[in-house]
Amino acid sequence: ENARASVKHYKCTVMMKVFRPWKEWAYLNSQGLDRARWKGPRKVTVRYNQVAVDAFSDRRVKKLFFRLWVPVTARYAEAKRMRRRNLSNFVRRHMYEWQEV
């Protein structure tokens with residue numbers, strides 16, 4: 001029961017977020033479409049260029065989620081700088097102490 005519900009939810013969300021906007025974009029740009037067979041988005045099922053669908057979905061997913069990852073990567077970068085600063089201070093402090101001996 002849960003597996004069927006999760007599959008249905010996945011299909012609905014993927015279709016809404018990626019596939020439907022691609023169909024509308026392809027209709028507006030009309031790249032590689034036979035106009036006689038396809039009058040508009042969501043009207044007739046056509047054969048899709050899988051490479052174009054994958055490229056569009058990659059661009060769309062990156063556009064949707066890039067802004068969400070910016071704060072996360074900024075925190076990781078700051079933690080990396082702090083770690084490097086602490087290590088440098090430790091080495092510098094002990095090198096100075098070693099030189100004084």
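1. The accessible surface of this predicted chain comes to about 9,200 Å², and 59% of that surface belongs to carbon and sulfur atoms; accessible areas come from the Shrake-Rupley method with a 1.4 Å probe, and for residues only the protein chains shown count as cover. Of the 101 residues in the chain, 12% count as buried, where buried means under 20% relative accessible area, exposed means over 50%, and partly exposed lies in between (1.4 Å probe, protein chains only).

2. A word on how to read the values: the model is predicted, local features need pLDDT of at least 70, side-chain atom pairs count only at pLDDT 80 or more, and totals for chains, interfaces and linings use all residues. Residues are numbered from 1 along each chain as its sequence is written, and side-chain values use heavy atoms, with hydrogens and water left out.

3. The chain has two helices and zero strands, these being DSSP runs numbered from the N terminus (helices H or I, at least four residues; strands E, at least two). Of the contacts in the chain with a separation of 6 or more, 41% are accounted for by residues 24 or more positions apart, a contact being heavy atoms within 4.5 Å.

4. Tryptophan 25 lies in helix H1, which covers residues 2–29, and is partly exposed at a relative accessible area of 30%. Tryptophan 25 and phenylalanine 56 are 31 residues apart in sequence, and their C-alpha atoms are 9.1 Å apart in space. Phe56 is one of the buried residues of H2, along with Val53, Ser57 and Val72.

5. Helix H2 bends by about 45 degrees at phenylalanine 66, the bend being the angle between axes fitted to the seven residues ending there and the seven starting there.

6. Phenylalanine 65, also placed in H2, is partly exposed at 38% relative accessibility. Together with Val61, Leu64, Leu68 and Trp69, Phe65 makes a nonpolar surface patch of about 490 Å²; patches are made of residues with over 30% relative accessible area and no salt bridge, like charges being joined within 9 Å and nonpolar side chains (Val, Leu, Ile, Met, Phe, Trp, Tyr) within 5 Å.

7. The structure holds one salt bridge, meaning a side-chain nitrogen of Lys or Arg within 4 Å of a carboxyl oxygen of Asp or Glu. Glutamate 78 and arginine 81 form it, with their closest N and O atoms 2.8 Å apart. The two residues are three apart in helix H2 (residues 50–100), and so about one helical turn separates them.
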